Amino acid sequence: YPLHNPQSTKQTQIKTMLRPLCTKLATRAIHWRGSPAAAISYRIPQLSLMTSSRAAADQGFTSQTRTLATTTPPPSSGPPIQKSVDKSQEAIDKAEQLHKELNELIKAQKDRQNEEAQRPFGSGIVQFFKASKPEMFNIFFAFVCVLLAYQIHKMRAGIKKLLADQEEKKAEIDRLRGLLATLSREE
């Protein structure tokens with residue numbers, strides 16, 4: 001990897017995370033300054049220290065980038081480098097902050113999963129009912145309405161059946177009265 005020994009793995013991780021950002025800054029510098037040489041001056045200072053194409057390939061840079069970095073004279077004025085260093089430091093700080101927040105989120109998620117695993121089976125049912133109380137009422141009353149509608153339908157069907165039976169009995173009574181009337185005349 002780089003030609004110098006990193007002081008800690010954290011620095012290596014931060015540099016690895018910043019590599020795409022530096023490439024993006026270099027691309028933007030091309031647009032700002034108008035030349036690839038200006039873009040290279042905004043890259044990480046260790047890029048100009050690379051001497052072999054293997055080191056350049058390990059870093060993810062092409063040999064063309066390495067050539068531009070080694071043939072470009074160092075910038076004569078300090079402000080662009082200072083701005084680059086300030087931006088790099090800001091990017092490092094931001095990356096560390098994001099890394100810290102991500103670790104906190106991961107830890108909170110693991111804590112939640114551990115807490116859920118420690119709960120006994122069925123302990124979430126009460127919480128579910130509390131959380132979905134309005135929906136449960138709606139479902140219950142919809143079911144009651146369906147039951148009432150079914151009872152009304154059955155009652156109407158029963159009434160129709162009773163009316164039909166009443167008409168049959170009335171017709172039978174009329175027929176039997178007629179027979180009784182004919183029998184009483186014959187006597």
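**Reading the terms**

Analyst: In the protein chain, 46% of the contacts with a separation of 6 or more are between residues 24 or more positions apart. Keep in mind that this is a predicted model.

User: What pattern does the protein chain follow along the sequence?
Analyst: The pattern is α-α-α-α-α-α-α. The chain has seven helices and zero strands.

User: Why is Ile14 called buried?
Analyst: Buried means under 20% relative accessible area. Ile14 has 9% relative accessibility, so Ile14 counts as buried. Ile14 is in helix α1, residues 9-33. Buried residues make up 13% of the 187 residues in the chain.

User: Which residues does Ile14 contact, leaving aside its neighbours within four places in sequence?
Analyst: Ile92 and Glu96. Contact means heavy atoms within 4.5 Å. The C-alpha atoms of Ile14 and Ala91 are 9.5 Å apart, and these two residues are 77 residues apart along the chain.

User: What makes Lys107 and Asp111 a salt bridge?
Analyst: The cut-off is a side-chain nitrogen of Lys or Arg within 4 Å of a carboxyl oxygen of Asp or Glu. The closest N and O atoms of Lys107 and Asp111 are 3.7 Å apart. That value is within 4 Å, so the pair is a salt bridge. Side chains of opposite charge can pair when their charged atoms come close.

User: Why are Lys107 and Asp111 separated by about one helical turn?
Analyst: Both are in helix α5, residues 79-118, and they are four residues apart, which means about one helical turn.

User: How many salt bridges does the structure hold?
Analyst: Three. One of them joins the side chains of Arg119 and Glu115, at 3.2 Å from N to O. Arg119 is partly exposed at 35%, and Glu115 is partly exposed at 47%.

User: How do you know that Glu172 and Arg175 form a salt bridge?
Analyst: Their closest N and O atoms are 2.4 Å apart. The cut-off is 4 Å, so the pair counts. Glu172 and Arg175 both lie in helix α7, three residues apart, about one turn of the helix. Glu172 has 34% relative accessibility and counts as partly exposed. Arg175 has 45% and also counts as partly exposed.

User: Why are α6 and α7 called roughly perpendicular?
Analyst: Angles of 65 to 115 degrees count as roughly perpendicular. The axes of α6 and α7 cross at roughly 75°, so the two helices are roughly perpendicular to each other. Their axes come within 5 Å. Helix α7 covers residues 133-186.

User: Which residues meet where α6 and α7 are in contact?
Analyst: From α6 they are Phe128, Phe129, Lys130 and Ala131. From α7 they are Lys133, Pro134, Glu135 and Met136.

Conventions. Residues are numbered from 1 along each chain as its sequence is written. This is a predicted model: local features need pLDDT of at least 70, side-chain atom pairs count only at pLDDT 80 or more; totals for chains, interfaces and linings use all residues. Side-chain values use heavy atoms; hydrogens and water are left out. Axes are lines fitted to C-alpha atoms, for helices over the stretch in contact, and angles run from 0 to 180 degrees between N-to-C directions. Angles under 35 degrees count as roughly parallel, over 145 as roughly antiparallel, 65 to 115 as roughly perpendicular and the rest as oblique. Buried means under 20% relative accessible area, exposed over 50%, partly exposed in between (1.4 Å probe, protein chains only).
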